[in-house]
Amino acid sequence: MPTDLIDEACGMSEQLVAWRRHLHAHPELSGAEEQTAAFVAERLGEMGLTPRCNIGGMNGVVADLVVADQPFVALRADMDALPIQEENDVDYASETLGVMHACGHDAHMAMLLGAARILQHHRSELHRSVRLIFQPHEENEPGGAPAMIRAGVLEGVESIFGLHIWAALPTGRVGTRVGAFMASPTLLEISIHGKGGHAAMPEECIDPIVIAAQVIVGLQMIVSRTLGASDAGVVTITRINAGTTHNVIPQSVELAGTIRTFDTTIRDRVSERVREIAQGTAKAHGARADVKISHSYPTLINDPVIVADAHRAAERAGFDREDIVDLPLQGGGEDFAYYCQEVPGAFMFLGAGNPAIDCGFPHHHPRFNIDEAALPRGAAVLAAYCLQAGG
Ligand SMILES: [Zn+2]
Ligand SMILES: [Zn+2]
């Protein structure tokens, strides 16, 4: 196995930055990644690979490096941007109004292209076939992963590995976690229907605003009183809509929010409690609550063996052992979770935070940016994961 992976990756730093900046300047929303897919496919073609496009009826791009009679290890990068107006004053800022790579998926593609180039150089050293998966539509329901899986991208795959660039982790570190790592998000919509009327005559009305207030306070008891000390969950109400003026009691109140859990049993228990509290509270006051609960991506569960492989890959790529950290449960969701339901997989965060160069804003913020010094490190980890597989 080569000992200079990180040197090799650093040698292509300029190229990685150029790819990332091109993608950053030309972001495309979930489901509309046509130019992004074309760019990725062209770069893969230049490397002598034969990319397959339009995978899963979407803009998915897949390329294989085949080692005869050997199963695949898969690497995945997501491709989509967000409906955010970029506020960074950089010369590679988004050229598309209201669309921005504010989650780092531009970096994910650049790093996977970098890994592809490294692996092409070291093709004779591979013990496993490699599948490179460029997946669209991560940021939006229902996620791009299910369609990619239905299109067969995991056929013949024995394990899958993915990196997410992470602004909250300083450059020079990577981190992950064995078992549950990222949350399963559940979307909540609650409509409370009372009886509107004159604000001065509450006795003639059923005031949905007071009932909504009680529902919101009641929901705060779920995590504290329904979950045990070792269970994790979040219930957050994020939106309240009601009323038009100061002297009218409205007919209804609309609430929206999210539940985050790490286990299906807890997810279902919390969801049920939300329904009971909303409907029971409304009923107690003569109103009615309609509760809509929709489960989004599953909990991302990292396989312990693949996490160990990922740690090994990070060391192989030049990370010191103390810079490979165990991370706590993450409240964010990721459709990489679907791959991990099908084959053993691991998802790892790659530190790219560096407030000294203005890279400290959170993901999905209009001033989100990454320390590009993380790019060669990420490419080296991805390549190392494949080179060590089956060895
Ligand atoms: Zn995101
Ligand atoms: Zn993301």
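## Basis

In this predicted model, local features need pLDDT of at least 70 and side-chain atom pairs count only at pLDDT 80 or more, while totals for chains, interfaces and linings use all residues. Residues are numbered from 1 along each chain as its sequence is written, and chains are lettered from A and ligands numbered from 1 in the order in which they are written.

## The sheet

Helices (H or I, at least four residues) and strands (E, at least two) are DSSP runs, numbered from the N terminus. Two strands pair if DSSP finds at least two bridges between them. Strands of a sheet pair through backbone hydrogen bonds, either parallel or antiparallel.

Here an open sheet of eight strands has the order 1-2-4-3-5-16-6-15, with mixed pairing. Strand 1 (52-55) and strand 15 (324-326) are its edges, each pairing on one side only. From one strand to the next, the twist averages 25°; angles run from 0 to 180 degrees between N-to-C directions, and axes are lines fitted to C-alpha atoms, for helices over the stretch in contact.

Strand 5 (157-170) pairs with strand 16 (345-353) in the parallel sense over eight bridges. Opposite W166 stands G351 in strand 16.

## Helices on the sheet

Helix 4 (105-121) packs on the sheet and touches strand 2, strand 3 (72-78), strand 4 and strand 5. Contact requires C-beta atoms, placed from the backbone, within 7 Å. The direction of helix 4 makes about 150° with that of strand 3.

Helix 3 (34-46) lies across strand 1, strand 2 (60-65) and strand 4 (129-135), at about 15° to strand 2.

## Domains

Domain 1 covers 5-182 + 300-388 and domain 2 covers 184-295, with bounds from an automatic or database domain assignment. Their contact takes four residues from domain 1 and seven residues from domain 2. The centres, taken over C-alpha atoms, are 38 Å apart.

Technical notes: Contact = placed C-beta atoms within 7 Å.
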